[in-house]
Amino acid sequence: MSLSQTRFILSELVKKGIRLKYRRSYLGILWSLLEPLLTMIVLTVVFGTLMGVHDKTFPVYILAGRLLYGYFSLATTTALKSIRQNSAMIKKVYVPRLLYPLSATIFHYVIFLISLIVLVVVAGVLGVRPTWHLVQIFLPLGVLFLLGTGVGIFLSTVGVFFRDMEYLWTVILMLVMYTAAIFYHPETLLNSKYGLVLRLNPLFCVIENFRDAIFGNPLNVGYLMYALAFSMLALLMGILIFRRNEDKFILYI
């Protein structure tokens, strides 16, 4: 199959994924803007009150973490199911199987980028002014995509042979969420014996660098390099494991 054909199929799979996601939704893609906004309001009210946070930019802090975690969660979960959900097509037509989990991470990334409009609006309303550090935002955004894709491809292979991975991943995502500092400031934890747990979470490192770019702080190079190395390793291992096992998929789907 030629490169142009592969690109065409990938683009069609991405379009199909977006259409199916909003097929029965009256709000359509508008929901990708409303959902993080509503979640931000709830989390700000609940955790802002509980922790006594009076910083008016706290909603921006929460929304930034919520959007990045939302992409990672949806992309990896959809990729995990991608081979089994496309089993009928896999059995009938030859399409490079790697395109299925890859398209899942891409179409969720497209929706994620659209949802950043909400962050821009909220930041503007709450007085978060852009600085030159904002140009660095493309680094954590790029690492985020690599991370979601690498983990997603790996999970898509595991999900074929181990069906319960879908339920196990839901539990793991909860752990990822609580160690990603989405709705709390991590300074106290980072200086405690639990600080290593946060630093070992690559998504935490990505979110912190994303927030630094928004709030005008220099990126944490250590966090960036660790998250990038983890993401590249996950992508490499995910592709290798996928390639070694894709011929067996037909026996299990």
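Select lysine 15 to begin: this residue is partly exposed, with a relative accessible area of 43%. The term partly exposed covers the range between buried (under 20% relative accessible area) and exposed (over 50%), computed with a 1.4 Å probe on protein chains only. The model is predicted, so local features need pLDDT of at least 70 and side-chain atom pairs count only at pLDDT 80 or more, whereas totals for chains, interfaces and linings use all residues. Residues are numbered from 1 along each chain as its sequence is written, and side-chain values use heavy atoms, with hydrogens and water left out.

**Salt bridges**

Glutamate 12 forms a salt bridge with lysine 15, the closest N and O atoms being 3.6 Å apart. A salt bridge here is a side-chain nitrogen of Lys or Arg within 4 Å of a carboxyl oxygen of Asp or Glu. The two residues are 3 residues apart in helix H1 (residues 3–21), so about one helical turn separates them. Helices (H or I, at least four residues) and strands (E, at least two) are DSSP runs, numbered from the N terminus. Glutamate 12 is also partly exposed, at a relative accessible area of 29%.

Select glutamate 166 and lysine 81 next. Their side chains meet in a salt bridge of 3.6 Å, N to O. Glutamate 166 belongs to helix H7 (residues 165–178) and lysine 81 to helix H3 (residues 58–85), so this pair ties together parts that are 85 residues apart in sequence. Glutamate 166 is partly exposed at 24% relative accessible area, and lysine 81 is partly exposed at 23%.

Move to glutamate 208 and arginine 211 in helix H10 (residues 202–214), where the two lie 3 residues apart, about one turn of the helix. Their side chains form a salt bridge of 3.3 Å, N to O. Are glutamate 208 and arginine 211 buried or exposed? Both are buried. In total, the structure holds 5 salt bridges.

**The nonpolar cores**

Select Phe112, Leu119 and Phe210, which touch the most other members among the 54 residues of the largest nonpolar core. Such a core is a set of buried Ala, Val, Leu, Ile, Met, Phe, Trp, Tyr and Cys residues joined through side-chain atoms within 4.5 Å. At least two residues of this core come from each of several helices, including H2 (31–50), H5 (99–125) and H6 (138–161). Helix H3 supplies the largest share, 13 residues. Another core, of 19 residues, lies apart from this one, and Leu13, Ala79, Ile153 and Phe249 are among its members.

Return to helix H3 and select glycine 65, which is buried, with a relative accessible area of 0%. Beyond its neighbours within four places in sequence, glycine 65 is in contact (heavy atoms within 4.5 Å) with Ile182, Ile207 and Arg211. A C-alpha to C-alpha distance of 7.8 Å separates glycine 65 from alanine 180, although the two are 115 residues apart in sequence.

The last stop is serine 103, in helix H5. Serine 103 counts as buried at 6% relative accessibility. A polar atom of the serine 103 side chain lies 2.8 Å from the backbone oxygen of tyrosine 100. Leaving aside neighbours within four places in sequence, serine 103 is in contact with Leu10, Leu13 and Val14.

Note on methods: Polar contact = N/O pair within 3.5 Å; in protein donor to acceptor, adjacent residues only side chain to side chain.
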